[in-house]
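Please read the points below with the structure open beside you, and check each one as you go.

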Amino acid sequence: MRVNTLLLALGANLAGPWGPPNETLRRARRELSCSGLRVLASSHIYDTAPLGPGRQAPYLNAVLLLRAHIAPAALLRLIKNIERLAGRRLGTRWGPRCLDIDILDYGGRRLGWPQRGRQRGRLILPHPEMHTRPFVLVPLLEVDPHWHHPTLAVAGHTLLTRLGRQSRRGIRRSLDFAASSCDKVRNERAPRKQVSEGDGARTVPSS
Ligand code: A4P
Ligand code: MG
């Protein structure tokens, strides 16, 4: 299997078993890296105004650039498993959450595009709404400034400009990701099962 470059978006606006949203995002990054995904770059963590219905707390959002040797379906299972460990329960679409991980881009691959309805468990690549969201594009361009949308064939910077300055108003760079260590995660997890066990995710040596 080819090694692919991936972009993942992390978001949270509720505290969960891993702590407040900032701790949850950091822990999620460690879980990914300890499951064999190599983190090449992490954006800052941004404070963002909530998008969606009703009143919700502000979100923290970030984007990771990774390299991995994992099939798309296994990656989806891995991120859903990490969301579950972080306390994510089925809720309303766009409702508050302890952790959301979206696969933004999987090596430029196209799957289920153009989108015809959304079905739980069915992967769409690139992520169907990413190009409309400044809270995704701003951190994404921090880790991959030359990124182009794989199906729209438009530069990320252009997509962000098209969204207008107003839409970026509620986005504020807030925190750094601290350096991560897999050993720490293993200690915290014991005696629980490893995240990658039984979910089809493969561990790859970092090169
Ligand atoms: N799915 C299909 N393609 C993908 C993909 N590329 N990556 C499927 C991840 N999942 C994908 O997702 C629903 C189903 O989509 C999954 O079962 C998966 O098979 P979900 O994460 O379980 O549900 P959701 O998060 O409620 O839906 P959605 O549309 O992903 O919500 P969003 O788009 O993530 O929106 N405001 C701010 N400021 N920041 C935020 O991060 N997030 C949301 C949630 C609302 N408002 C926000 C933010
Ligand atoms: Mg999601």
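1. Leu 60 counts as buried because it has 21 C-beta neighbours inside 10 Å; the rule is that a residue is buried if 20 or more other C-beta atoms, placed from the backbone, lie within 10 Å of its own, exposed if 12 or fewer, and partly exposed in between. Leu 60 has its place in strand S4, where helices (H or I, at least four residues) and strands (E, at least two) are DSSP runs numbered from the N terminus.

2. Before going further, please note that this is a predicted model, in which local features need pLDDT of at least 70 and side-chain atom pairs count only at pLDDT 80 or more, while totals for chains, interfaces and linings use all residues. Residues are numbered from 1 along each chain as its sequence is written, and chains are lettered from A and ligands numbered from 1 in the order in which they are written.

3. Which residues is Leu 60 in contact with, leaving aside its neighbours within four places in sequence? They are Ala 12, Pro 21, Asn 22, Leu 25, Ile 45, Tyr 46 and Asp 47, a contact being two residues whose C-beta atoms, placed from the backbone, lie within 7 Å. The C-alpha atoms of Leu 60 and Asn 13 are separated by 6.3 Å, although these residues are 47 apart along the chain.

4. Strands pair if DSSP finds at least two bridges between them. S3 and S4 pair in the antiparallel sense over three bridges, and here Asp 47 stands opposite Leu 60 in S4. S3 also pairs with S6 in the antiparallel sense, over four bridges, with Tyr 46 opposite Arg 173 in S6.

5. Ile 103 is in contact with Leu 8 and, among others beyond four places in sequence, with Leu 75, Ile 79 and His 127.

6. Helix H3 (residues 134–143) is largely enclosed by the rest of the structure, because seven of its 10 residues are buried. These buried residues include Phe 135, Val 136 and Leu 137, and the buried residues of H3 pack against S1, S3, S4, S5, helix H4 and S6.

7. Ligand 1 is surrounded by 24 residues, the closest being Gly 11, Thr 48, Leu 51, Tyr 59 and Ile 124; a residue is near a molecule if its C-beta atom, placed from the backbone, lies within 6 Å of it. Strands S4 (59–68) and S5 (100–106) are the elements that give two or more residues to this shell, and S5 gives the largest share, three residues.

8. The chain has five helices and six strands, and 36% of its 207 residues are buried. Among contacts between residues at least 6 apart in sequence, 71% join residues at least 24 apart.

9. The average pLDDT (the predictor's confidence in each residue, from 0 to 100) is 85 for the chain, and 81% of the residues score at least 70. Over residues 191–207, however, pLDDT stays under 50. Where pLDDT is low, the predicted coordinates should not be read in detail.
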